[in-house]
Amino acid sequence: MAGSYGEMVDQMFRDDPQMSDYQRGILERAKRDGAISVHDYEDAWSRYKQCMVDLGHVHTRLAKFPNGVYYPKEWGQEDMENLAKTTADDKACLEKYVVDVRDVYGVQVGNPGLWANQDDAIAD
């Protein structure tokens with residue numbers, strides 16, 4: 001995938017020039033420190049959830065896998081009734097706080113050797 005997390009982060013900066021300053025800050029620290037901290041990762045998801053609440057989605061719930069990876073689990077009934085708005089708000093909040101951080105953290109947890117071939121990553 002890349003020779004290092006720093007290279008992977010640099011590629012993300014090139015691929016997403018519109019990346020939010022918030023995520024850019026986390027990824028700059030990850031590049032410097034060699035990994036995204038659990039604190040930064042959890043803060044990103046906390047901000048995502050607050051973003052959704054601020055947009056009126058008070059029943060947004062997150063699930064957490066045993067390896068610490070989060071994902072949006074459910075929305076409330078009223079959110080499902082206006083799915084177009086909920087989906088647009090979800091996308092906006094993810095793009096502002098989570099999407100790039102999530103991708104790097106997922107690789108950090110699930111593929112620390114940065115293997116391009118998933119079979120090699122599983123074996124590692």
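**Close-up 1. Helix H5 in the predicted model.** Helix H5 covers residues 83–97, 15 residues in total. From its first C-alpha to its last, H5 reaches 21 Å. That is close to the 21 Å expected at 1.5 Å a residue.

**Close-up 2. The buried face of H5.** Thr 86, Asp 89, Asp 90, Cys 93, Leu 94 and Tyr 97 are the buried residues of H5. Viewed down the helix axis, these buried residues fall within an arc of 130°, so they line one face of H5. Ala 84 and Lys 91 lie on the other side of H5, and they are exposed.

**Close-up 3. The disulfide between Cys 51 and Cys 93.** The structure holds one disulfide. The sulfur atoms of Cys 51 and Cys 93 are 2.1 Å apart. This pair links distant parts of the chain: the two cysteines are 42 residues apart. Cys 51 belongs to helix H3 (residues 38–54), whereas Cys 93 belongs to H5. The torsion about the S-S bond of Cys 51 and Cys 93 is about -75°, so the disulfide is left-handed. Cys 51 and Cys 93 are both buried. Cys 93 is also one of the buried residues listed for H5.

**Close-up 4. The hairpin of strands S1 and S2.** Strand S1 spans residues 61–64, and strand S2 spans residues 70–74. The two strands pair in the antiparallel sense, over four bridges. Within this pairing, Leu 62 stands opposite Pro 72 in S2. Five residues lie between S1 and S2 in the hairpin. In the turn, Gly 68 has a positive phi of about 95°.

**Close-up 5. The largest nonpolar core.** This core has 27 residues. Leu 27, Ile 36, Tyr 41, Trp 45, Tyr 48 and Val 98 are those with the most contacts inside the core. Five helices are the elements that give two or more residues to it: H1 (5–15), H2 (21–33), H3, H5 and H6 (99–110). The largest share, six residues, comes from H3.

**Close-up 6. The surroundings of Ile 36.** Ile 36 is among the residues with the most contacts inside the largest nonpolar core.

Definitions and conventions
Residues are numbered from 1 along each chain as its sequence is written. This is a predicted model: local features need pLDDT of at least 70, side-chain atom pairs count only at pLDDT 80 or more; totals for chains, interfaces and linings use all residues. Side-chain values use heavy atoms; hydrogens and water are left out. The expected span of a helix is 1.5 Å times one less than its number of residues. Buried means under 20% relative accessible area, exposed over 50%, partly exposed in between (1.4 Å probe, protein chains only). The arc is that of the directions from the helix axis to the C-beta atoms. Two strands pair if DSSP finds at least two bridges between them. A disulfide is a pair of cysteine sulfur atoms within 2.5 Å. A nonpolar core is a set of buried Ala, Val, Leu, Ile, Met, Phe, Trp, Tyr and Cys residues joined through side-chain atoms within 4.5 Å. Contact means heavy atoms within 4.5 Å. Lists of a residue's contacts leave out its neighbours within four places in sequence.
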